[in-house]
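This briefing goes through one protein chain, topic by topic. Please keep the sequence and the 3D view open while reading.

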Amino acid sequence: MDAPAPIDLLALARDMIRRPSVTPRDAGVLDVLEAALKRMGFACHRLPFGSGDSGPDARIDNLYARLGRGKPHFCFAGHTDVVPPGDTAKWSLDPFAGEVKDGQLWGRGAADMKGAIAAFVSAAGAFLGAKGQRFNGSISLLITGDEEGDAVNGTAKVLRWMEENGEIPDMCVVGEPTNPEKLGDMIKIGRRGSMTGYLTVTGVQGHTAYPHLADNPAHRLVRMLDAIVREKLDEGSAHFQPTTLQVTTIDIGNPANNVIPAAARGVFNIRFSDKHSSKTIAAWLREKLDRAMAEIGPGGSYALDIKVSGESFFTAPGPLSSLVSDCVKAETNRVPELSTTGGTSDARFIRRVCPVVEFGGVGQTMHKIDERVAVSDLEGLARIYRRILERVFA
Ligand SMILES: [Zn+2]
């Protein structure tokens, strides 16, 4: 087989940004990617899941592509969906035009993470161009359209399909934008867990002038939230920051100043270290809340609903993180920090099946107005990915 024509990194990234693939819509972005991968000889599988138009079971298109059947099997994972652009009038350039200006590629998804996918495809193209298809092993891409949304019909289900079809890789790099400021800052070897608590306190409605005839749930809520905010859950660990709890909203919606409300609600989000699981935190919360209720005195009741977005996960520093770290250093002359900071990612699903680390572009503008990435960083990232492939298949 002749070596395929090299992939134009910038052209591919721009083509992808021009497809406004706001979750759960695909808008043709996977067609763009699949066409590029097919030209390189990848066997491509489209894996749609879900049936709704919106919500948690919205139909999502996913793509799994593999070149070669041998081992080691290296997988690159990422997502083509993007968050909404927000007020487009506030953007300096059209968020879905994929324009290049002042050395930057602009648009929704440039940083998070269409740019990184294009960088990986061009790296694979350059690697194969030099090696032909004669390399020991196989390269795959696990690309989902459901990372920024509910992540129900995305990576988790693609992985199940991969397990059923004997496609589980030996190692995986996720191309999320891991660098806070400069290419080479940071590799992520895990992430904190995330869970949200919805606390509803019920009392007895009444007249503010006759509080002895009522039971004010707002007073209970304040004391209960104080009880869970006041104490630290842990001090962190060798690879994790301390667990944090942030109250995100307190809702009563009472328009009358002479009425004690019947119910009050508070919502809080917890980012937790490996010192905890969602179960141990749920038990901690109930203990604190029960005690606060008892201290306030009889009456009132509460309900606590908990939604777990993900447990904490972690790949201990080892062969994969050193390999990626070496490649980052060779390209940028910087030693990246191995970190578990930031929000959760699809690596939480992949961790179950193989070692996984995350390394991508610079995340400074992700999810923001005027998302953009330096073209030189994209090119640097592609060179790092190529070095990773050369090391894995050496
Ligand atoms: Zn992302």
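Where does F359 lie? F359 is found in the loop that runs between β18 (356-358) and β19 (372-374). The model is a predicted one. The points below begin with the chain and then turn to single residues.

**The chain as a whole**

- The chain has 394 residues, and 54% of them count as buried.
- Its secondary structure consists of nine helices and 19 strands.
- The C-alpha trace spans about 85 × 45 × 40 Å along its principal axes.
- Among contacts with a separation of 6 or more, 79% are between residues 24 or more positions apart.

- F359 has a relative accessibility of 0%, and it counts as buried because the cut-off for buried is under 20%.
- F359 and T344 are 15 residues apart along the chain, and their C-alpha atoms are separated by 14 Å.

**Aromatic rings**

- The structure contains nine aromatic pairs.
- One of these pairs is F76 with F120, which is stacked, with 4.4 Å centre to centre and 5° between the planes.
- F76 belongs to strand β3 (residues 73-79) and F120 to helix α3 (residues 110-131), so this pair ties together parts that are 44 residues apart in sequence.
- Both F76 and F120 are buried.
- F76 also forms an aromatic pair with Y385, and this one is edge-to-face, with 5.3 Å centre to centre and 70° between the planes.
- Ring pairs join F74, F76, F120 and Y385 into a cluster.

**A charge over a ring**

- R372 places its charged end over the ring of W106, at 4.8 Å from the ring centre.

**A nonpolar patch on the surface**

- V229, V247 and I250 make up a nonpolar patch on the surface, and together they have about 230 Å² of accessible area.
- I250 is part of strand β12 (residues 244-251).
- The relative accessible area of I250 is 51%, so I250 is exposed, the cut-off for exposed being over 50%.

Conventions. Residues are numbered from 1 along each chain as its sequence is written. This is a predicted model: local features need pLDDT of at least 70, side-chain atom pairs count only at pLDDT 80 or more; totals for chains, interfaces and linings use all residues. Side-chain values use heavy atoms; hydrogens and water are left out. Patches are made of residues with over 30% relative accessible area and no salt bridge: like charges are joined within 9 Å, nonpolar side chains (Val, Leu, Ile, Met, Phe, Trp, Tyr) within 5 Å. Accessible areas come from the Shrake-Rupley method with a 1.4 Å probe; for residues, only the protein chains shown count as cover. A salt bridge is a side-chain nitrogen of Lys or Arg within 4 Å of a carboxyl oxygen of Asp or Glu. Helices (H or I, at least four residues) and strands (E, at least two) are DSSP runs, numbered from the N terminus. Buried means under 20% relative accessible area, exposed over 50%, partly exposed in between (1.4 Å probe, protein chains only). Rings of Phe, Tyr and Trp (its six-membered ring) pair if their centres lie within 6.5 Å; planes under 30 degrees apart count as stacked, over 60 as edge-to-face and the rest as tilted. A charge sits over a ring if NZ of Lys or CZ of Arg is within 6 Å of the ring centre and within 35 degrees of the ring normal. Contact means heavy atoms within 4.5 Å.
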